[in-house]
Amino acid sequence: MRIEQNYKLDFKDVLIRPKRSTLSSRAEVNLIREYKFKHTAKTWRGIPIIAANMDHTGTFAIAKVLSRHQLLTAIHKFIDPNVWQQFSSEHPQVIVSCFISSGISDDDFKNLQIIMKKVTSEFICLDVANGYTQHFVDFVRRVRAAFPEKIIMAGNVVTGEMVEELIISGADIVKIGIGPGSVCTTRNKTGVGYPQLSAIIECADAAHGLKGLVCADGGCADPGDVAKAFAAGADFVMLGGMFAGHDETEGEIIEKNGKRYKQFYGMSSAAAMMKYHGKVADYRASEGKSILIPYKGPVEDTVLDILGGLRSTCTYVGAQSLKELSKRTTFVMASQQVNDVHGK
């Protein structure tokens with residue numbers, strides 16, 4: 001046993017210090033990024049925000065809205081290949097903004113092969129709660145060998161050495177985050193995790209040294225957190241809870257005490273495991289929870305709110321583009337973020 005003495009930071013621990021700016025309007029800020037990927041030499045251009053591959057938010061309806069704003073969607077892994085094929089044929093412009101998600105079993109690999117034959121997406125998302133196993137590393141290598149021209153995102157991990165391992169094994173983007181999600185209970189059940197802001201800073205440094213990229217996954221509760229993630233060095237930011245509760249997410253609107261809600265649960269929760277596997281395996285515990293989230297209406301409004309917040313962040317520090325944000329950022333430690341006397 002050993003203890004690391006350095007204090008690690010989360011979004012709630014810091015604020016971004018404002019700096020002198022020559023920008024006269026938020027409209028001058030360019031949020032578009034262009035990335036070249038290590039293993040494919042392909043490029044992508046857009047706003048690097050991704051809807052999470054949860055079954056509530058990783059939907060084709062979400063993808064249709066986000067693609068209009070040049071954002072990406074990681075479609076959840078429980079969609080039938082024939083449904084993929086139908087959507088791809090009906091919405092060819094949307095499908096290019098979608099990640100095809102997969103687990104790491106042999107059946108998952110076969111399913112991925114079937115889907116890749118039916119759709120034209122360039123993106124694959126290999127998603128597990130624990131990206132530290134040798135089996136996961138081997139699966140990344142297997143998928144890279146099978147699809148050498150595809151852009152592969154893999155995770156989740158929170159430390160630099162594992163980011164390097166996954167990039168060397170074939171990942172173009174490594175997904176960062178263990179336990180920060182709003183419906184994740186991994187830290188409660190296992191005691192394992194890493195404060196998300198420090199994880200992003202350290203993992204981005206490791207990835208960029210190998211010409212790889214990172215995607216911050218989890219922990220963002222509002223547009224300010226999204227800005228902090230990019231300011232910390234994230235190349236992409238994945239959002240689940242912030243995109244939950246909208247018209248385009250899965251599930252019916254639930255009326256309760258005169259208010260409207262939609263269900264939202266973690267993909268390692270008992271609710272998800274019962275839905276897709278019929279049980280919670282007796283060798284594991286649920287590491288997610290199921291909640292009712294207030295109904296938010298169209299996701300378009302939330303997208304515009306997030307993008308507006310990002311542009312405002314950039315004007316506060318004098319960054320003319322999202323690319324410049326991390327270079328222009330100084331974080332200050334803060335004991336209090338906001339004044340909650342009248343509620344948020």
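Which residue of β6 does Ala74 stand opposite? Ala74 stands opposite Phe99. The model is a predicted one, in which local features need pLDDT of at least 70 and side-chain atom pairs count only at pLDDT 80 or more, while totals for chains, interfaces and linings use all residues. Residues are numbered from 1 along each chain as its sequence is written, and side-chain values use heavy atoms, with hydrogens and water left out.

Strands β5 (residues 72-75) and β6 (residues 98-102) pair in the parallel sense over three bridges; strands are DSSP runs of E with at least two residues, helices are runs of H or I with at least four, and both are numbered from the N terminus. Two strands count as paired if DSSP finds at least two bridges between them. Eight strands close into a barrel, with parallel pairing in the order β4-β5-β6-β7-β8-β9-β10-β11. From one strand to the next, the twist averages 25 degrees. Helix α9 packs on the sheet and touches β4 (49-51), β10 (213-217) and β11 (236-239), its direction making about 150 degrees with that of β11. Contact here means heavy atoms within 4.5 Å, and angles run from 0 to 180 degrees between N-to-C directions of axes, which are lines fitted to C-alpha atoms, for helices over the stretch in contact.

The second largest pocket holds about 220 Å³ of space. A pocket is an open set of points on a 1 Å grid over the protein atoms alone, where a 1.4 Å probe fits, with protein on both sides within 12 Å along at least five of seven lines; lining residues have an atom within 4 Å of a point. β1 (14-16), α9 (223-231) and α11 (299-317) are the elements that give two or more residues to this lining, and α11 provides the largest share, five residues.

Key. Points joined across faces, edges and corners; volume = space filled by probe spheres on them.
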